[in-house]
Amino acid sequence: MPYTAQQMYDLVADVGAYPKFLPWCAAARIRSVTPEGDAQVMAADLVISFKVFRERFGSRVTLWPADRKIDTEYLDGPFRYMKSNWAFADVEGGCEVAFFVDFEFKNAVLQKIIGVVFNEAMQRIVRAFEKRAHDLYGADSSSAKA
(Lines give C-alpha, C1' and ligand atoms only; values in the text may rest on other atoms or scores of the structure.)
Protein backbone atom coordinates (compact mmCIF):
# COMPACT_ATOMS: atom_id res chain seq x y z
CA MET A 1 0.00 0.00 0.00
CA PRO A 2 1.34 3.48 -0.79
CA TYR A 3 0.71 4.71 2.77
CA THR A 4 2.64 4.51 6.01
CA ALA A 5 2.18 1.59 8.38
CA GLN A 6 0.95 4.09 10.98
CA GLN A 7 -1.72 5.46 8.62
CA MET A 8 -3.02 1.97 7.82
CA TYR A 9 -2.90 0.93 11.48
CA ASP A 10 -4.92 4.04 12.43
CA LEU A 11 -7.48 3.34 9.70
CA VAL A 12 -8.07 -0.27 10.81
CA ALA A 13 -8.01 0.62 14.53
CA ASP A 14 -10.85 3.12 13.99
CA VAL A 15 -13.57 0.47 14.40
CA GLY A 16 -16.23 3.11 15.05
CA ALA A 17 -15.84 4.37 11.47
CA TYR A 18 -16.42 0.96 9.83
CA PRO A 19 -20.08 1.61 8.93
CA LYS A 20 -18.95 4.60 6.83
CA PHE A 21 -17.06 2.41 4.36
CA LEU A 22 -17.23 -1.34 4.98
CA PRO A 23 -19.74 -3.37 2.98
CA TRP A 24 -22.33 -5.15 5.12
CA CYS A 25 -21.35 -3.21 8.27
CA ALA A 26 -24.57 -1.46 9.32
CA ALA A 27 -23.44 -0.17 12.72
CA ALA A 28 -20.54 -0.09 15.18
CA ARG A 29 -20.44 0.67 18.88
CA ILE A 30 -17.35 0.90 21.06
CA ARG A 31 -18.37 -0.33 24.51
CA SER A 32 -15.06 0.38 26.24
CA VAL A 33 -11.34 0.98 25.73
CA THR A 34 -9.04 -0.18 28.53
CA PRO A 35 -5.24 0.07 28.76
CA GLU A 36 -3.56 -3.30 29.42
CA GLY A 37 0.22 -3.01 29.56
CA ASP A 38 1.51 -2.01 26.12
CA ALA A 39 -1.91 -2.59 24.56
CA GLN A 40 -5.34 -1.01 24.51
CA VAL A 41 -8.27 -3.43 24.69
CA MET A 42 -11.48 -2.37 23.02
CA ALA A 43 -14.84 -4.08 23.49
CA ALA A 44 -16.85 -3.40 20.34
CA ASP A 45 -20.12 -4.43 18.73
CA LEU A 46 -20.64 -4.57 14.97
CA VAL A 47 -23.95 -5.08 13.20
CA ILE A 48 -23.55 -7.03 9.96
CA SER A 49 -26.38 -6.93 7.45
CA PHE A 50 -26.28 -9.39 4.54
CA LYS A 51 -29.34 -10.20 2.41
CA VAL A 52 -32.09 -11.20 4.90
CA PHE A 53 -29.66 -11.62 7.80
CA ARG A 54 -28.90 -8.87 10.30
CA GLU A 55 -26.66 -9.92 13.18
CA ARG A 56 -24.85 -8.15 16.00
CA PHE A 57 -21.62 -9.54 17.30
CA GLY A 58 -19.27 -8.45 20.02
CA SER A 59 -15.52 -8.67 19.90
CA ARG A 60 -12.46 -7.90 21.94
CA VAL A 61 -10.03 -5.87 19.86
CA THR A 62 -6.48 -5.66 21.20
CA LEU A 63 -4.55 -2.73 19.77
CA TRP A 64 -0.74 -2.89 19.92
CA PRO A 65 0.22 0.66 18.82
CA ALA A 66 4.02 0.28 19.21
CA ASP A 67 4.04 -2.91 17.13
CA ARG A 68 1.26 -1.72 14.78
CA LYS A 69 -0.67 -4.95 15.27
CA ILE A 70 -4.36 -5.60 15.95
CA ASP A 71 -5.83 -8.85 17.28
CA THR A 72 -9.57 -9.52 17.37
CA GLU A 73 -11.35 -12.20 19.38
CA TYR A 74 -15.02 -13.07 19.25
CA LEU A 75 -17.12 -12.45 22.37
CA ASP A 76 -20.77 -13.08 21.45
CA GLY A 77 -23.18 -13.22 18.55
CA PRO A 78 -23.78 -15.44 15.51
CA PHE A 79 -20.37 -17.13 15.29
CA ARG A 80 -19.13 -20.42 16.68
CA TYR A 81 -15.73 -18.70 16.65
CA MET A 82 -14.02 -15.78 14.96
CA LYS A 83 -10.56 -14.30 15.19
CA SER A 84 -8.51 -11.99 13.04
CA ASN A 85 -5.05 -10.44 13.09
CA TRP A 86 -3.64 -7.40 11.33
CA ALA A 87 0.02 -6.39 11.09
CA PHE A 88 1.47 -3.30 9.41
CA ALA A 89 5.12 -2.77 8.46
CA ASP A 90 6.79 0.10 6.65
CA VAL A 91 8.54 -0.91 3.43
CA GLU A 92 10.15 1.17 0.73
CA GLY A 93 7.43 3.20 -0.99
CA GLY A 94 4.70 2.48 1.57
CA CYS A 95 3.73 -0.36 3.85
CA GLU A 96 2.93 -4.05 3.88
CA VAL A 97 -0.41 -5.12 5.38
CA ALA A 98 -0.86 -8.69 6.63
CA PHE A 99 -4.40 -9.82 7.42
CA PHE A 100 -5.72 -13.17 8.68
CA VAL A 101 -9.33 -14.07 9.51
CA ASP A 102 -10.91 -17.37 10.53
CA PHE A 103 -14.54 -17.82 11.50
CA GLU A 104 -17.54 -20.11 11.42
CA PHE A 105 -21.19 -19.10 11.83
CA LYS A 106 -23.51 -20.97 14.20
CA ASN A 107 -26.25 -20.73 11.54
CA ALA A 108 -25.57 -23.41 8.89
CA VAL A 109 -27.58 -21.54 6.24
CA LEU A 110 -25.60 -18.34 6.76
CA GLN A 111 -22.32 -20.29 6.80
CA LYS A 112 -23.26 -21.92 3.49
CA ILE A 113 -24.19 -18.56 1.90
CA ILE A 114 -20.96 -16.95 3.12
CA GLY A 115 -18.94 -19.98 2.01
CA VAL A 116 -20.14 -19.51 -1.56
CA VAL A 117 -19.25 -15.81 -1.69
CA PHE A 118 -16.39 -15.71 0.83
CA ASN A 119 -13.58 -14.87 -1.61
CA GLU A 120 -15.66 -12.18 -3.30
CA ALA A 121 -16.68 -10.79 0.10
CA MET A 122 -13.06 -10.63 1.31
CA GLN A 123 -12.01 -8.90 -1.94
CA ARG A 124 -14.79 -6.32 -1.47
CA ILE A 125 -13.70 -5.71 2.13
CA VAL A 126 -10.03 -5.33 1.13
CA ARG A 127 -11.05 -2.90 -1.65
CA ALA A 128 -13.16 -0.95 0.88
CA PHE A 129 -10.13 -0.52 3.17
CA GLU A 130 -7.98 0.49 0.17
CA LYS A 131 -10.57 3.06 -0.94
CA ARG A 132 -10.89 4.41 2.61
CA ALA A 133 -7.08 4.84 2.77
CA HIS A 134 -7.15 6.68 -0.56
CA ASP A 135 -10.03 8.89 0.63
CA LEU A 136 -8.25 9.71 3.91
CA TYR A 137 -4.64 9.97 2.78
CA GLY A 138 -4.68 10.66 -0.96
CA ALA A 139 -3.29 8.71 -3.88
CA ASP A 140 0.29 8.43 -2.60
CA SER A 141 0.94 9.41 1.00
CA SER A 142 3.83 7.10 1.86
CA SER A 143 5.98 10.11 2.63
CA ALA A 144 3.27 11.78 4.74
CA LYS A 145 3.64 11.88 8.48
CA ALA A 146 0.78 10.32 10.44
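Colleague: Let's open with a charged pair: which residue forms a salt bridge with Asp90?

Modeller: Asp90 pairs with Arg68 in a salt bridge, and the closest N and O atoms are 3.8 Å apart. Asp90 sits in strand β5 and Arg68 in the loop between β3 and β4, so this contact ties together parts that are 22 residues apart in sequence. Keep in mind that we are reading a predicted model.

Colleague: How exposed are the two partners, Asp90 and Arg68?

Modeller: Asp90 is partly exposed, with a relative accessible area of 45%. Arg68 also counts as partly exposed, at 24% relative accessibility.

Colleague: And how should I read the backbone at Arg68?

Modeller: The general idea is that most residues other than glycine have a negative phi. Arg68 has a positive phi of about 55° although it is not a glycine. Its loop runs between β3 (53-64) and β4 (69-76).

Colleague: What is the phi of Trp24, and where is Trp24 placed?

Modeller: Trp24 has a positive phi of about 70°, again without being a glycine. You will find Trp24 in the loop between α2 (18-21) and β1 (25-36). Trp24 is partly exposed, with a relative accessible area of 22%.

Colleague: Back to the charges. How many salt bridges does a search of the whole structure find?

Modeller: The search finds nine. One of them joins the side chains of Arg31 and Asp45, at 3.0 Å from N to O. Arg31 belongs to strand β1 and Asp45 to strand β2, so the pair ties together parts 14 residues apart in sequence.

Colleague: Which residues are linked with Arg31 and Asp45 in a network of salt bridges?

Modeller: Arg29, Arg56 and Asp76 are linked with Arg31 and Asp45 in that network.

Colleague: Which residue does Glu73 meet in a salt bridge?

Modeller: Glu73 meets Arg60, side chain to side chain, at 3.5 Å from N to O. Glu73 lies in strand β4 and Arg60 in strand β3, so that distant parts of the chain, 13 residues apart, are linked. Glu73 is partly exposed at 42% relative accessible area, and Arg60 counts as partly exposed at 29%.

Colleague: Now the interior. How do I read a nonpolar core?

Modeller: In soluble globular proteins, nonpolar side chains tend to be buried together. In this model, the largest nonpolar core has 36 residues, and Val12, Tyr18, Leu22, Ile70, Phe88 and Phe129 touch the most other members. Elements that each supply at least two residues include α1 (5-13), β2 (39-50), β5 (79-91) and β6 (94-105). The largest share, seven residues, comes from α3.

Colleague: What does Tyr18 touch, apart from residues up to four places away in sequence?

Modeller: Tyr18 touches Leu11, Val12, Cys25, Leu46 and Phe129.

Colleague: Is Ser59 buried or exposed?

Modeller: Ser59 counts as buried, at 4% relative accessibility. Ser59 is placed in strand β3. Leaving aside neighbours within four places in sequence, its contacts include Arg31, Met42, Thr72, Glu73 and Met82.

Conventions: Residues are numbered from 1 along each chain as its sequence is written. This is a predicted model: local features need pLDDT of at least 70, side-chain atom pairs count only at pLDDT 80 or more; totals for chains, interfaces and linings use all residues. Side-chain values use heavy atoms; hydrogens and water are left out. Helices (H or I, at least four residues) and strands (E, at least two) are DSSP runs, numbered from the N terminus. Buried means under 20% relative accessible area, exposed over 50%, partly exposed in between (1.4 Å probe, protein chains only). A nonpolar core is a set of buried Ala, Val, Leu, Ile, Met, Phe, Trp, Tyr and Cys residues joined through side-chain atoms within 4.5 Å. Contact means heavy atoms within 4.5 Å. A salt bridge is a side-chain nitrogen of Lys or Arg within 4 Å of a carboxyl oxygen of Asp or Glu.
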